[in-house]
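I set out to record, entry by entry, what I looked up in this structure. The entries follow the order in which I consulted the model.

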Amino acid sequence: MSDCLLCNAWSDHFATATILSKYDVDYFRCRDCGFIQTEAPYWLDEAYDQAIVSTDVGLISRNERFAKTTDRLLRIVLPGAKRCLDYGGGYGMFTRMMRDRGHRFEHHDPYCQNLFAAGFNANVDSDVRFDFLTAFEVMEHLENPHQELQTFDCLADNWLVSTELLPDHPPLPNDWWYYVLDGGQHISLWSKRALRIVAEMYDRHLISYRGLHLLTREKMRPTVVRYLMRNKFAGICDLIRRRKPLLGEDFRQAVAETKAAAQTVSV
C-alpha cells in the first residue's frame, strides 16, 4: 500500500512487472482517482541513458499530428496566445514545426539535445510567463506530478498535454503497450478521473480527445475544441487565420548568432 502521488488517497498494490528486462517493479493504483504509479523509480538514470528510447517509432508521426492540432487551436480558439513553450520538447522538432507555421514557440528539455530549434531555448527559471504551454509525452514520465504541474501553473495559463488514458478497467502492465516496460520511463499512468482532479486543483477547464488534453483558464465549448482536435475532419479550418511562417526571421537570427560566435572565437 502507498499514498497516491496525485490525490494522496490510498493506493493498493496493482501488479508487478519486469522493466528494462531486469528490474521487477511494483505498480500501485489509487483507490480514489485510479492513478497508477510505480514504486520509487530507482532505475531512472539507466532508463534515461537515451532520452528518446529506440522503440519510440511514432515520434515523427506524433509530432505531425500534434502540430496540426495545436496550430488550429491557437488560430481559432486561442488567437491571443502569442508566446508559447514546448515543455519537455525532446529534439525540438515540434518547436520548429510550430515556428514554421508562424507560432512563436520556445523549447525546454534539460534531458535531451535540442537539434531542430537551436537558438530558441526558453529560460524557465526566470519570471517569464507564456501564453500557452505544450507538454507532449511528459505526463507519464513525472516522478513527482505536483512538482511539474506547479511549474506548468507558474509558466502558463493554458496547457495542451498528451497522455494515453487508462481504460475504465485498467490492464495489467504486460497487457498494454503504454507501460513501455522496455524503456522504463513511463512511471505515471493517468485515468480520466486523475486528469479531472488536476483540472480542479489547478483551476482549469479540461477538454480531452484521443490522448490530447486541453486545460484552460477560460471555459471553452467542448464541441468546437474536439472538432479542431479531429485532424480527419478539421482540415477545412487550416485556411482560417493562417500566420506568417517564421522561417526567414529565424534564418536571419541563426546567421547572426553564427557570425557572432565566429567573431568571439577569433578575438
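**Entry 1: loops with positive phi**

In which loop does Asn-8 lie? I located Asn-8 in the loop between β1 (2–3) and β2 (10–19). I note that residues are numbered from 1 along each chain as its sequence is written, and that side-chain values use heavy atoms, with hydrogens and water left out. The model is predicted: local features need pLDDT of at least 70, side-chain atom pairs count only at pLDDT 80 or more, and totals for chains, interfaces and linings use all residues. For the element names, helices (H or I, at least four residues) and strands (E, at least two) are DSSP runs, numbered from the N terminus.

I read a positive phi of about 75° for Asn-8, although this residue is not a glycine. Asn-8 counts as exposed, at 56% relative accessibility. My terms here are buried for under 20% relative accessible area, exposed for over 50%, and partly exposed in between (1.4 Å probe, protein chains only).

I then checked Ser-21, in the loop between β2 and β3 (23–30). Ser-21 has a phi near 65°, again a positive value in a residue other than glycine. At 65% relative accessibility, Ser-21 is exposed.

**Entry 2: the sheet and its edge**

I traced an open sheet of six strands with mixed pairing, in the order β6-β5-β7-β8-β11-β10. Two strands pair if DSSP finds at least two bridges between them. The edge strands, β6 and β10 (205–209), each pair on one side only. From one strand to the next, the twist averages 20°.

β5 and β6 run parallel and are joined by five bridges. Arg-83 has Arg-104 in β6 as its bridge partner, and Asp-86 stands opposite His-107 in β6. β5, helix α3 (residues 93–100) and β6 form a right-handed β-α-β unit; right-handed means that, with the strands pointing away from the viewer, the path from the first strand over the helix to the second runs clockwise.

**Entry 3: Ala-117**

I followed the chain into the loop between β6 (104–108) and β7 (130–135), where Ala-117 is found. Ala-117 is buried, with a relative accessible area of 1%. Leaving aside neighbours within four places in sequence, Ala-117 is in contact (heavy atoms within 4.5 Å) with Tyr-91, Gly-92, Thr-95 and Arg-96. I also noted that Ala-117 and Asp-250 are 133 residues apart in sequence and 9.5 Å apart in space, C-alpha to C-alpha.

**Entry 4: helix packing**

In helix α4 (residues 145–155), I listed the buried residues as Pro-145, His-146, Leu-149, Phe-152 and Leu-155. These pack against β5 (83–87), β7, β8 (156–162), β9 (188–189) and α5 (192–201).

Axes are lines fitted to C-alpha atoms, for helices over the stretch in contact, and angles run from 0 to 180 degrees between N-to-C directions. Thr-69, Arg-72, Leu-73 and Ile-76 in α2 meet Val-225, Leu-228 and Met-229 in α6.
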